Structures are given as structure tokens and as C-alpha cells.
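My entries follow the model.

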Amino acid sequence: MTNQHDALLDLYRQMVLIRRFEEAAAKAYSQGKIGGFLHLYIGQEASAVGALSNLTRDDYVVGTYRDHGLALARGMSARGCMAELYGKVTGCSQGLGGSMHFFDAEKRMMGGYGIVGGHVPLAAGCAFAAKYRGSGEVTLCFLGEGAVSIGDFHEAMSLAALWKLPLVTIVENNEYSMGTPLSRTMSVADASAKALAYGMARDRFEAKDVLVVRERVGAAVERARRESLPTLIEVQTYRYRGHSMSDPGKYRTADEVEERKKDDCIANAERALRALGAGDDVFASVDREIEAAVDDAVRFADESADPGEELIEAYTYA
Amino acid sequence: MRELRYREALREALAEEMERDERVFIVGEEVGHYQGAYKVTEGLLARFGERRVIDAPIAEAGFAGMAIGAAMAGLRPVVEFMTWNFSAVAFDQILNNAAKVRQMSGGQFTCPIVFRGPNGAARQTGSQHSQCFEAFYAHMPGIKVVCPATAADAKGMLKAAVRDDNPVLVLEDERLYGSKGLVPDGDHLAPIGVSAVARAGSHVTVVTWGKMLVASLDAADALAREGVECEVIDLRSVRPLDHAPVIASVEKTGRCLVVQEAWPFGGVGAEVVDRVQRDAFGALAAPVLRVTGRDAPMPYNKKLEDLTIPSTDTVVRGVRALLAY
């Protein structure tokens with residue numbers, strides 16, 4: 001098999017892991033094993049997987065509360081992520097963070113954040129630190145299109161452009177800010193157009209093909225790394241599930257969702273792999289491997305212990 | 001010991017910490033070329049350069065959040081708010097990111113950052129520029145709040161704040177910047193979370209912090225002439241709040257007055273009252289009283305402003321009210 005085949009297969013495997021992981025999470029949520037909010041990424045997998053495939057291990061990643069896909073694409077363990085959803089002490093944030101707050105210091109996953117847009121300045125800060133030290137890391141920041149209306153986004157973009165920070169900001173436009181279509185939240189449908197006001201490089205493309213995401217984000221990552229310049233990208237995508245598990249989805253039709261599923265990033269990657277010579281055995285093997293990994297993660301989460309009462313105050317202060 | 005102005009003490013603290021630790025940098029509005037709105041950072045740009053003394057646009061949420069991210073990524077930022085009034089637009093960054101990132105990451109990340117600037121009323125700056133913020137911020141677990149009242153503490157507590165691995169908010173005061181005091185020589189550090197007896201006395205315990213220490217000590221002088229000896233306790237740090245010296249004092253005096261510039265509802269003074277009634281209940285000869293700022297937005301008119309902010313006279317009257325029980 002070719003390098004191209006192997007590279008795509010790796011991305012395909014990550015996307016399938018995210019989808020199966022989240023399907024299992026949705027099931028566990030309906031069984032009452034996961035509490036609070038659960039914002040699923042299903043449908044958007046090519047965005048995180050393609051984008052993060054450009055990073056080195058020292059680069060920084062900052063995300064929103066829709067962070068499971070980002071965490072898995074960053075190489076965080078399915079066990080640690082599932083256990084966090086279950087609120088267990090073995091979770092990636094010891095059960096103190098939950099679905100919206102996945103962190104991994106070693107992988108420089110700087111966190112998922114629950115206040116819309118509030119994390120964007122933090123991402124600028126990670127990029128600032130890299131530039132201050134001259135250490136060369138790039139920061140990738142993810143947000144939804146609903147977040148571009150809040151001031152923190154604007155302020156962070158202003159600073160990133162003014163101070164020439166190595167920051168790639170990826171607006172995942174999934175067309176709905178919770179239950180409100182973008183036609184009713186944005187006066188200009190293209191979030192990347194805001195880059196013009198900051199004098200910042202920009203790009204805009206669909207996330208149907210994970211290799212396209214990889215290539216286009218890759219160019220922005222190179223710009224950040226080599227020239228220390230920020231880029232604002234709008235990735236056009238679509239989430240199949242509700243904003244969170246409690247969302248009945250009455251703001252869009254079932255037909256619309258089914259229509260969009262026909263252009264699915266995982267199915268597209270499978271077709272591309274078959275064109276490169278991959279057979280049924282390859283996909284069967286990936287399915288078995290991912291199913292085993294997700295089953296293992298669920299079992300691990302289920303069997304893990306709750307955090308002890310001593311952790312309530314343990315991390316309030318250093 | 002040398003005599004320094006409060007603002008000079010702060011400047012020395014910043015310069016020494018920047019000299020000591022390459023990771024320390026300053027960011028804020030007008031901190032560099034303008035030399036600081038209140039001249040605290042005067043000369044630091046020339047000494048440390050634009051890489052480490054950074055003029056920010058008017059974007060408090062942006063640069064506060066940026067600095068929090070930089071702290072998570074290993075730097076030790078000092079953020080200047082031109083006044084704490086402007087921190088309100090960065091409140092979410094302090095509340096939801098600085099105060100919480102350590103906890104919600106399960107202890108993986110720390111946020112070693114200092115936010116500093118003048119707190120409380122200056123002179124006739126009106127309602128939006130005359131507010132006390134210690135109660136808002138001290139309410140948050142994960143945050144430390146210090147209110148240095150002397151030049152020595154301004155230097156020592158700011159240096160300690162820079163070295164602390166937690167977010168520390170240094171609430172200074174525009175009316176104190178020009179005040180002079182003796183500052184110990186050398187690498188002077190003042191511990192965070194240790195209150196001090198600013199004046200010993202046996203009749204009434206007066207608990208205060210920040211600028212109100214001045215009015216409280218002046219009131220104690222005036223009352224001493226009448227034979228009333230106040231023990232004045234400077235909290236210095238309102239979170240963590242070191243109440244042991246307060247309790248020890250009330251055990252001795254049986255009477256306690258809390259003096260704060262801030263509004264009366266809730267707040268740091270109420271926290272002190274709670275601790276005193278609980279831990280010194282048996283010693284109390286009178287209810288614990290508070291002298292506070294009036295419960296209204298700050299008026300611009302000078303006469304009304306003077307009536308709104310506690311003064312030496314209102315503290316004296318508070319002590320007399322206590323003694324009347």
C-alpha cells in the first residue's frame with residue numbers, strides 16, 4: 001500500500017474512533033451513566049482529525065465544550081476520556097471537569113471550555129508564550145460559528161493580529177448556534193471574512209474530505225510556524241446530533257439532517273480509501289479494532305472509582 | 001530601611017522580579033511608552049524592552065485572557081488594569097478561567113498570574129470609576145486577593161504575588177500611590193495571608209485593609225487623646241483571610257469594629273463579622289459593628305463623595321457607638 005493510503009487510513013481510523021466513542025457516550029448518557037451536558041461532535045470529525053494531523057507533540061490545542069473529538073484526535077486515551085464522562089477519578093480531569101473540560105497537560109491539550117468564546121484569548125496566550133520564548137510551538141484554537149459574535153473572540157483576534165501570534169483559529173461553522181440558524185446570528189455568513197478587519201490571513205472550506213482539511217489547515221500551521229502569523233479559518237461542517245443530548249432538534253427537519261448525512265466525512269474517506277485499493281478486510285479490521293477500544297473504554301469507565309471527597313478542595317489552590 | 005513612595009515600592013517589586021525571572025512580563029494599557037497611567041511602571045520599558053513591557057489595546061478581556069493562557073503555558077504574567085473598575089469586562093476571564101483551570105483540569109495546569117491596579121475611589125471620578133472590587137473577587141475559590149496599605153507591603157506583597165503559583169489580585173489605591181513609608185532593604189517579601197497588628201490597644205479592635213488603614217489609624221490617634229486605646233488590625237490579605245490575630249484581639253478587647261470602603265451588602269467585612277461572632281462569641285461585650293461606604297453608587301459632588309467614603313470621623317463615631325453598648 002502507498003503512503004497516501006496509510007496516511008488516509010490513519011485519519012479514517014481516528015474519525016471512526018471519535019464517532020463510535022460518541023455513540024457509546026450517547027448510549028451511556030441515555031442509561032444515566034453520564035450526567036450534565038454532553039455535546040456530540042458526530043458529523044464534524046474530519047475537522048479536528050484533519051487539522052490536528054498537522055501538529056507536533058509540543059503544539060498547543062484549545063477547544064470548546066464540544067471537545068471529545070478534539071481530545072481523541074490529539075491522542076488522548078479513549079479510557080481517560082470515557083472515564084471523565086462517567087465522572088470517574090481515572091478520567092482525564094479526575095472526574096472534576098466532565099464532558100466540557102477535557103485536559104491533558106502532557107499532550108498540550110489545554111482544555112475544553114464552557115463559556116462560549118472565553119477560551120479564544122487563552123489560545124492567544126499559548127501562542128504568545130511560544131513567541132515570547134522563541135520555542136516555535138503553534139496553537140490551534142477551535143470554536144463554533146456562534147462564538148464569533150462575542151467580544152472575547154474579537155479581542156483575541158485583534159491581539160493575535162497586532163502581536164503577530166502563531167495562532168490558527170478554526171471556526172467550525174456547523175450552521176447552528178445551539179438552535180439558531182446562522183442566518184439569524186450572523187450579518188455576514190462567512191466568519192472568515194472577519195479576518196479582513198484584522199489584516200489577518202484567512203481561509204474557508206468544507207470539511208467533507210479530511211485530506212482537504214489537513215492540507216488547508218496545514219498551510220495555516222506553516223504560516224504560524226515559519227512566519228509567526230495568525231490565520232482565521234472557517235471550516236464548513238454539520239453536526240448530526242443535537243446541540244447537546246437535551247436538544248430535541250425542532251429547529252431543523254429530519255430530512256435536512258438525512259440529506260447532509262449523504263455527504264459524510266467518514267463515508268467519503270472510505271470511498272477514497274477503496275479507490276486507493278483498500279478492501280473490505282481493511283474496514284472490517286478497523287471496525288473490530290475500534291469496537292474493542294470503545295468497549296474497553298466503557299468497561300474501564302464503568303469499573304473505575306469515583307473521586308474521593310478529598311478532591312473537592314484539593315486543586316482549588318496550587 | 002529606605003523611605004519610598006508606595007508607587008516606587010511597586011515599581012521596585014516589578015523590576016526586581018523581572019530581573020530575577022525571565023518568565024515575568026507586564027501587559028496592560030499605557031504601561032510602556034506612556035510610563036503607566038499612575039506611573040507605577042515608569043522606566044520599565046527602557047529597562048526591559050518591548051518584549052517584556054507590553055502596551056495593550058483597550059481589550060481587558062482579551063489581554064487578561066491572553067495572559068491566563070500564557071501562564072498556563074509556563075510564563076508568569078503581571079497584568080495591569082488601569083483601574084480595577086475596568087476589570088469588570090474581564091470578570092469572566094478571572095472567574096471562569098484563572099480561578100478554575102487548576103480545578104477543572106484535575107490539577108494538571110496552574111495559573112501563576114498577577115492582576116494589579118488601583119481599587120476604590122480616587123477623587124471625584126464618579127460612580128463608574130470609584131468602586132471597590134475585593135468582595136467580588138474574594139468570593140471566588142481559586143483566587144487570592146491582597147490589599148497592601150503601606151509601601152513596605154506594596155513591595156513585599158507584589159513580589160510574593162509574582163512568585164505565587166496561583167492567580168493573585170493586588171488591589172492598590174490611587175490615593176496611596178504618593179504615600180511614603182519605610183521599606184526594608186534587599187529582597188523584601190511579605191507573606192500572603194498573614195494579617196498584622198498595625199497599632200496595639202486594649203479597648204476596641206478595629207479591623208481594616210487597604211486605604212482604610214489610614215483613616216483607622218488616624219481615628220485611633222484621635223481616640224487615644226480621649227483615653228480610648230484601639231487595636232488596629234490590618235488584614236493585608238482578604239483572601240486568604242488570616243483571622244487569628246483578629247480573634248486574639250477581640251478576646252482581649254471584647255469589642256470589634258470593621259472598617260471598609262466598600263458597599264455594606266455582604267462583602268469582606270461581613271465575612272470578618274461572621275468569623276468574630278463564631279470564634280469570639282464568649283468575649284463579645286457588644287455586637288460587631290461595621291463602618292462602610294454608603295450603599296449607593298459614588299456621587300461626583302465633592303461634599304457628597306466625602307460623605308460616602310468612610311473617614312477618620314466616621315471611624316471615631318463607629319468606635320464610640322461600640323463603646324456605648
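**Helix pair in chain B**

I looked up helix α3 (residues 60-72) of chain B and helix α4 (residues 91-98) of chain B, whose axes come within 8 Å and cross at roughly 25 degrees. α3(B) is therefore roughly parallel to α4(B) (angles under 35 degrees count as roughly parallel, over 145 as roughly antiparallel, 65 to 115 as roughly perpendicular and the rest as oblique). I noted the residues in contact (heavy atoms within 4.5 Å): B:Ala61, B:Ala64, B:Gly65 and B:Ile68 in α3(B) meet B:Gln93, B:Ile94, B:Asn97 and B:Ala98 in α4(B).

**Basis**

I record that the model is predicted, that local features need pLDDT of at least 70 and side-chain atom pairs 80 or more, while totals for chains, interfaces and linings use all residues. Residues are numbered from 1 along each chain as written, chains are lettered from A and ligands numbered from 1 in written order, and side-chain values use heavy atoms, without hydrogens and water.

**Helix pair in chain A**

Among the contact residues are A:Met82 of α4(A) and A:Phe300 of α11(A).

**Chain interface**

I then turned to the two chains: the contact takes 34 residues from chain A and 47 residues from chain B. For salt bridges (a side-chain nitrogen of Lys or Arg within 4 Å of a carboxyl oxygen of Asp or Glu), I found 0 across the interface of chain A and chain B.

How values were computed
Helices (H or I, at least four residues) and strands (E, at least two) are DSSP runs, numbered from the N terminus. Axes are lines fitted to C-alpha atoms, for helices over the stretch in contact, and angles run from 0 to 180 degrees between N-to-C directions.
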